[in-house]
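Me: I am new to this structure and would like to know what stands behind the words used for it. Please set each value against its definition.

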Amino acid sequence: MAKAVGNLVMHMSVDDSKVTPAINTMKQQLRDLNATWRANVEAAKAAGDSQEAARAKTEGLTLAAQKQKEILDTMNSIMSNTGERTDKNANAYDKMSSSIERADAQYKNLSNQLQVAQTALDRQETGLDELNRSIKSNDDNIQAQIKSLKQQGDTYGANQLKVESLTNKKKDLIDAIDK
């Protein structure tokens, strides 16, 4: 694209020969970062520390989202300095536009994953996941006992056990909310 400014004529086009290596380097850093945090998550899971695994995932996704945002910002900066799409730069311009769209989609995906991971970490730190597992296990045991009592013909005992179970579950949930 040629733009006349006084006696000076400036030519603007998409020249990604120097920019592509820089973006590729950032993308490689992002891949390395993803591999590192995933390895940390697996190591924590192998050690049986689910809370540390959730923390490692959240921290890794935070760093990955920041790096992806950096890549996206760099691409947008290049595109804004490029000028308008012309017949001469159409292929390169379209290629850069689609690269920006992919980078934006990846950033949004990472942001969504980060939000889910943060919620999971918060649940683990507050003990809600442990409480849910405990309640589920207790419910399974109580249902087995109720079934056994009903098979023995003790409907009153089964109903009494059910009411007691529900009362205990309510107390546990209120205690969890109060924390």
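Salt bridges and a helix

Me: What kind of model is this, and how are residues numbered?
Reply: This is a predicted model, in which local features need pLDDT of at least 70, side-chain atom pairs count only at pLDDT 80 or more, and totals for chains, interfaces and linings use all residues. Residues are numbered from 1 along each chain as its sequence is written, and side-chain values use heavy atoms, with hydrogens and water left out.

Me: Why is the pair Glu52 and Arg55 called a salt bridge?
Reply: A salt bridge is a side-chain nitrogen of Lys or Arg within 4 Å of a carboxyl oxygen of Asp or Glu. For Glu52 and Arg55 the N to O distance is 3.1 Å, so the pair meets the definition. Side chains of opposite charge can pair when their charged atoms come close.

Me: What separates Glu52 and Arg55 along helix H2?
Reply: They are 3 residues apart in H2 (residues 50–82), which means about one helical turn. Helices here are DSSP runs (H or I, at least four residues), numbered from the N terminus.

Me: Why is Glu52 called partly exposed?
Reply: Buried means under 20% relative accessible area, exposed means over 50%, and partly exposed lies in between (1.4 Å probe, protein chains only). Glu52 has 33%, so Glu52 falls in between. Arg55, at 25%, is also partly exposed.

Me: What makes Glu130 and Arg133 a salt bridge?
Reply: The closest N and O atoms of Glu130 and Arg133 are 3.3 Å apart, so this pair qualifies too. They are 3 residues apart in helix H4 (residues 128–151). Glu130 is partly exposed at 49%, as is Arg133 at 47%.

Me: Which residues of H5 are buried?
Reply: Gly157, Ala158, Leu161 and Ser165 are the buried residues of H5. They pack against H4, where contact means heavy atoms within 4.5 Å.

Terms used
Helices (H or I, at least four residues) and strands (E, at least two) are DSSP runs, numbered from the N terminus.
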